[in-house]
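Look at the structure below and follow the charged side chains through the fold. The paragraphs after it take up a few pairs in turn and then a single residue.

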Amino acid sequence: MDMCIVGNGAIAKTAALAFAQAGLQVSMLTPPGTSVAPRVSTSPSAQWDARVYALNHTAFHLLSSLKVWGALDLARVAPVDAMAIKGDADKHGGELGFDAFSANVEALAWIVEDANLNQALDAALKFAPNVTLVQGRATSLVVSESLAAVQLESGESIAASLVLGADGAQSWVRAQCEIGLDYRSYGQRAVVSNFECEHQHHGVARQWFTGAQGIIALLPLPGKQVSLVWSAPEPLATELLRENASQLAARLSHWCGTELGALHPLQPELVRSFPLSLMKPHSMTAPRVALVGDAAHVVHPLAGHGMNLGFGDIVDLLRVIDERESQRDCGDERVLARYARARKEDVLLMQFVTDGLARLFATNLEPLRILRNLGMNLFDKLPVLKQRLIAHALGKRN
Ligand SMILES: Cc1cc2nc3c(=O)[nH]c(=O)nc-3n(C[C@H](O)[C@H](O)[C@H](O)COP(=O)(O)OP(=O)(O)OC[C@H]3O[C@@H](n4cnc5c(N)ncnc54)[C@H](O)[C@@H]3O)c2cc1C
């Protein structure tokens with residue numbers, strides 16, 4: 001076996017498809033009781049998943065090359081044509097805008113439901129020739145010079161040249177390798193839900209950096225629907241979660257009322273929340289082990305890039321494995337060192353930007369409030385810097 005992937009999320013599944021397509025023999029270890037059979041219907045009448053991702057061009061190209069993009073229910077995918085970001089100044093408020101036309105791309109990103117994405121990945125996995133799906137609980141990881149073996153509770157073991165930790169923020173693989181971690185809670189929860197708006201959203205992803213009330217994003221869904229990600233300070237999040245979805249909609253009208261009109265909850269019972277933290281593992285590799293996705297980095301969702309970073313991990317690992325010298329296997333120390341080097345800039349930059357913005361807008365000091373809004377206005381008028389930021393956000397690699 002060339003690679004044993006531990007995990008069952010979108011990043012693990014995409015990695016399994018990608019490395020199998022590259023000719024590697026892959027086994028994918030998923031927790032007992034999980035399956036890769038389609039779980040949630042995404043027929044046109046199905047409910048809208050409150051968990052959505054803004055996927056960038058790296059994700060689009062990778063998923064297209066694996067024929068997964070074409071397997072998505074595209075009627076449920078919304079392109080993001082523009083972004084409108086607002087600050088929290090009372091007068092001459094900070095404003096920043098991006099659009100697909102100026103960036104010379106078809107869309108800045110695409111909003112895809114978690115269920116839609118996983119259903120397409122599961123369908124592709126069923127037909128992937130080089131992938132063996134194994135259900136079981138891993139108990140230990142034993143690494144020798146030429147192999148890594150994942151021991152299972154059943155007594156079986158999966159030996160491979162490389163173990164890929166795609167097992168999320170609380171990664172078991174990372175813990176087995178004793179890779180240290182810098183962790184910081186943002187003291188915020190992301191409250192998510194979907195709404196129907198009175199007016200068209202015109203494909204605009206809207207975001208408000210409100211200061212005391214956190215960061216509110218309304219992402220376009222097909223039709224006149226939007227998906228909310230409200231990164232709210234814990235006490236406010238608790239309040240929001242205690243209220244019903246109509247009260248949540250009424251609160252939102254304060255920010256988006258003039259543009260989107262009244263909002264109505266799509267599924268009043270469907271309000272979910274996720275605690276937000278920054279996790280910076282001290283390394284993305286260990287002997288015969290590589291980490292990808294949230295196992296390797298967890299960032300604030302304000303830029304909508306956690307999953308995209310994970311797709312970037314897969315693309316770079318694919319490349320260094322493909323370019324390796326013939327005497328090296330896919331878990332060779334040099335190959336892994338090249339992977340770690342390749343990911344450094346992308347990951348550091350995303351950590352720096354998301355963490356910096358989250359902290360900057362969590363402070364309520366008046367001088368900082370003025371400065372950050374002026375900064376937004378200024379940035380909006382600097383075309384070169386703006387183009388560079390857009391290129392990075394799109395996931396453009398040249
Ligand atoms: C509110 C919110 C909004 C977001 N919006 C965006 C966005 O717009 N765009 C974007 O790019 N990113 C976004 N993200 C980030 C994105 O959700 C994550 O980066 C992404 O889901 C990580 O995927 P993953 O597969 O690495 O991890 P996970 O989705 O956490 O999957 C890990 C998998 O590993 C499995 N697992 C765990 N332990 C084991 C084990 N021992 N053995 C086997 N399997 C195991 C778990 O069951 C799970 O299925 C957002 C995050 C939040 C919280």
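E259 forms a salt bridge with K86, and their closest N and O atoms are 3.2 Å apart. A salt bridge here is a side-chain nitrogen of Lys or Arg within 4 Å of a carboxyl oxygen of Asp or Glu. E259 belongs to helix α7 (residues 245–260) and K86 to strand β5 (residues 82–86), so the pair ties together parts that are 173 residues apart in sequence. Helices (H or I, at least four residues) and strands (E, at least two) are DSSP runs, numbered from the N terminus.

The model is predicted: local features need pLDDT of at least 70, side-chain atom pairs count only at pLDDT 80 or more, and totals for chains, interfaces and linings use all residues. Residues are numbered from 1 along each chain as its sequence is written, and side-chain values use heavy atoms, with hydrogens and water left out.

E259 is partly exposed, at a relative accessible area of 27%, and K86 is also partly exposed, at 25%. Buried means under 20% relative accessible area, exposed over 50%, and partly exposed in between (1.4 Å probe, protein chains only).

The structure holds 18 salt bridges. One of them joins K13 to D122, with the closest N and O atoms 2.9 Å apart. K13 lies in helix α1 (residues 10–21) and D122 in helix α4 (residues 114–126), so this pair ties together parts 109 residues apart in sequence. Both K13 and D122 are buried.

D332 forms a salt bridge with R328 at 3.3 Å between the closest N and O atoms, and both residues are buried. Salt bridges that share partners also join D313, D316, R319, E323, R343 and D346 into one network.

Finally, H264 sits in strand β17 (residues 263–265).
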